[in-house]
Amino acid sequence: MEQSSKNPIQVIAVTGGKGGVGKTNVSVNLGVAMSKLGRRVTLLDADLGLANVDVLLGLKPQKTLKDVLDGSCRLGEVLLEGPGGMNIVPAASGLQEMVKLGPREHAGLIGAFSDIAHRMDVLIIDTAAGISDEVVSFLCAAQEILVVACNEPTSITDSYALIKVLSQRYGVQRVRVVANMVRSDEDANAVYDKLQNVAERFLDVTLLHAGAISYDDHLRRAVQKQRSVVELYPTSRISGDFMRLAAQVDGWPIPASATGHLEFFVEQLVRDVRSS
Ligand SMILES: Nc1ncnc2c1ncn2[C@@H]1O[C@H](COP(=O)(O)OP(=O)(O)OP(=O)(O)O)[C@@H](O)[C@H]1O
Ligand SMILES: [Mg+2]
């Protein structure tokens, strides 16, 4: 097996409970924005749904994680180059198998990630909507859980349900909340305050405010062109929001312990699923 990499890598899983709240767009544009700050970003698409990362960015994956697990290629060969030089591990059917692996394959997967660890500072994981075991596995394995929520009742309710499961069933102690599609500061604060109110009263979990992303039509236009908004419309309001989010994320402390290592992420990923 390859020599393990020991550089601490920031592992951030992006979630939201509800579909269509902007998880994929936040993952992609946070990634591009962090690349602009000089961080080496890998984006792992953990959503097999329709509007996934490769579709959003007009990429055509040739090889997938499935090929890596079959032993027919290395993870480095699966990576696609995304905007800003970001690396993308595209969604693949192999992903579902990834969380049901036997011990030998675990070692293979850890080795596969170790193989590309030296090329990254940040791993962003775009997860599917909902609270499936698979989604929860990715969330619990990451150091940071970034919940994307909008100021609408269903998004707040679904985010709360997700945070509750993470807290009560999986012992997650801290999540960060980013408000998306906000039309005002009040809108942004309302998202955080509503979640904070219920979480504080009923759950033993710390919610941290990670800022807000404006509602901006530039994003829709970028989506139509299969480009990231940060790259296509760098001076738009929403791109400024993503740059601010990226600067904030860049300042989050990375634990010096094993949790800062990519191997730990993969080990946790596998362990959590098997024990759930
Ligand atoms: N800040 C925003 N401003 C304007 N439109 C937005 C914004 N964020 C998201 N959208 C719109 O919402 C759509 C869905 O976003 P996205 O695909 O990122 O959501 P998702 O949470 O990943 O969805 P899914 O649950 O299907 O994976 C986008 O295509 C875009 O049209
Ligand atoms: Mg998505």
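**Reading burial, contacts and a ligand shell**

Guide: Gln 248 has a relative accessible area of 31% and is therefore partly exposed. Buried means under 20% relative accessible area, exposed over 50%, and partly exposed in between (1.4 Å probe, protein chains only). This is a predicted model, in which local features need pLDDT of at least 70 and side-chain atom pairs count only at pLDDT 80 or more, while totals for chains, interfaces and linings use all residues. Residues are numbered from 1 along each chain as its sequence is written, chains are lettered from A and ligands numbered from 1 in the order in which they are written, and side-chain values use heavy atoms, with hydrogens and water left out.

Visitor: In which helix is Gln 248 found, and which residues does Gln 248 touch?

Guide: Helices (H or I, at least four residues) and strands (E, at least two) are DSSP runs, numbered from the N terminus. Gln 248 belongs to helix α12 (residues 237–251). Contact means heavy atoms within 4.5 Å. Not counting residues up to four places away in sequence, Gln 248 touches His 209, Ala 210 and Gly 211. The C-alpha atoms of Gln 248 and Ala 210 are 7.5 Å apart, although 38 residues separate the two in sequence.

Visitor: Is Gln 10 buried or exposed?

Guide: Gln 10 counts as buried because its relative accessibility is 2%. Its place is in strand β1 (residues 10–15). A polar contact is a pair of N or O atoms within 3.5 Å; within protein, one must be able to donate a hydrogen and the other to accept it, and residues adjacent in sequence count only if both atoms are side-chain atoms. Here a polar atom of the Gln 10 side chain lies 2.9 Å from the backbone oxygen of Val 249. Beyond its neighbours within four places in sequence, Gln 10 is in contact with several residues, including Met 34, Asp 121 and Trp 252.

Visitor: Which residues touch the most other members of the largest nonpolar core?

Guide: A nonpolar core is a set of buried Ala, Val, Leu, Ile, Met, Phe, Trp, Tyr and Cys residues joined through side-chain atoms within 4.5 Å. The largest has 51 residues, and Leu 44, Leu 75, Ile 125, Leu 166, Leu 207 and Phe 265 touch the most other members. Helix α7 (residues 133–141) supplies the largest share of this core, six residues. Apart from it lies another core of 37 residues, among them Val 32, Ala 210, Leu 219 and Trp 252.

Visitor: How many residues surround ligand 1?

Guide: A residue is near a molecule or strand if one of its heavy atoms lies within 4 Å of it. Ligand 1 is surrounded by 18 residues, the closest being Lys 23, Thr 24, Asn 25, Asn 180 and Ser 214. Oxygen atoms of ligand 1 lie 3.0 Å from a backbone N or O atom of Gly 22 and 3.3 Å from an N or O atom in the Arg 220 side chain. Of the 630 Å² of accessible area that ligand 1 has on its own, the protein covers 84%. Such areas come from the Shrake-Rupley method with a 1.4 Å probe; for residues, only the protein chains shown count as cover.

Visitor: What phi does Met 181 have?

Guide: Most residues other than glycine have a negative phi. Met 181, in strand β7, has a positive phi of about 60 degrees. Gln 226 likewise has a positive phi, of about 55 degrees, and is found in the loop between α10 and α11 (229–232).
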